[in-house]
Amino acid sequence: MSAIPARGLLLEVLVAGPKVYSEISGAKKTVLAPAYQDTIGTRVYTAKSWAALAVPWDDFVREAMIHADALIEKIQPEVVRNSAGVAEYAILQSEDPYLTSTLFSKKFLPKFSEIFGKELHVVPLTRGRIYVFPAQGRPLSEFGIAEEYANLLVPLTLEVFQITKDGPKVIGEIIR
């Protein structure tokens, strides 16, 4: 895996109060925020630090997607199968703080379409753990994700992203 870039995009919860972000179609609790690495880790840009950067949003996104594309191509998902050998879901895990930006990569859907079909349901449970499901699979409430979320020290969201050829959008939330 290549080194973590100095800056990129990540999903952030609105209640954390990011000052610079892009809304996500259908999302009520999560946004796409620009972030950077410093001595204490990954930080979301403040309005002041974003203005000082002076990089147009589209240029920043383009740069961030280069890393997201490379990350989704290289990461090896753990595919979980039922007793009949049918793939039920996959787990993406990474220490890379920009893992959640891979949902916006044009390479995300092709990575999973052979296994799960042309439409996915994705739950970015934490910045480092993403669940990927076939859209036509069992109800997501049957997989214990809400219980896992409740026991996490730093959860991200239970919002469900639908990934299609048209890109990601939020279509609902797993009830806790």
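This is a short tour of one predicted protein model, stop by stop.

**Before you start**

Local features here need pLDDT of at least 70, side-chain atom pairs count only at pLDDT 80 or more, and totals for chains, interfaces and linings use all residues. Residues are numbered from 1 along each chain as its sequence is written, and side-chain values use heavy atoms, with hydrogens and water left out.

**Whole chain**

Show the protein chain as a cartoon. It has 4 helices and 10 strands. Helices (H or I, at least four residues) and strands (E, at least two) are DSSP runs, numbered from the N terminus. Their order from the N terminus is β-β-β-β-α-α-β-β-α-β-β-α-β-β. The radius of gyration is 16 Å, close to the 16 Å of the globule rule for 176 residues, so the chain is as compact as a globular protein of that length. That radius is taken over C-alpha atoms, and the rule is 2.2 Å times the number of residues to the power 0.38. Along the principal axes, the C-alpha trace spans about 55 × 30 × 30 Å. Of the 176 residues, 45% count as buried. Buried means under 20% relative accessible area, exposed over 50%, and partly exposed in between (1.4 Å probe, protein chains only).

Look for His121 opposite Phe133 in strand 8.

Center on Val122. Leaving aside neighbours within four places in sequence, its contacts (heavy atoms within 4.5 Å) include Leu103, Phe108, Val132 and Phe161.

**The aromatic cluster**

Select Tyr36, Tyr45, Trp50, Trp57 and Phe60, which form one aromatic cluster. Rings of Phe, Tyr and Trp (its six-membered ring) pair if their centres lie within 6.5 Å; planes under 30 degrees apart count as stacked, over 60 as edge-to-face and the rest as tilted. By this rule the count comes to 12 aromatic pairs. Tyr36 and Tyr45 make a tilted one, 4.7 Å centre to centre with 50 degrees between the planes. Tyr36 is buried at 19% relative accessibility. Tyr45 is buried at 7%. The rings of Tyr45 and Phe60 have centres 5.9 Å apart and planes at 85 degrees, so this pair is edge-to-face. It links distant parts of the chain: Tyr45 is in the loop between strand 4 and helix 1, and Phe60 is in helix 2, 15 residues apart.

**Last stop: another hairpin**

Select strand 5 (residues 78-81) and strand 6 (residues 87-93), an antiparallel pair with 4 bridges. Arg81 has Ala87 as its bridge partner. Between the strands lie 5 residues, and Gly85 takes a positive phi near 85 degrees.

Notes. Pairing = 2+ DSSP bridges.
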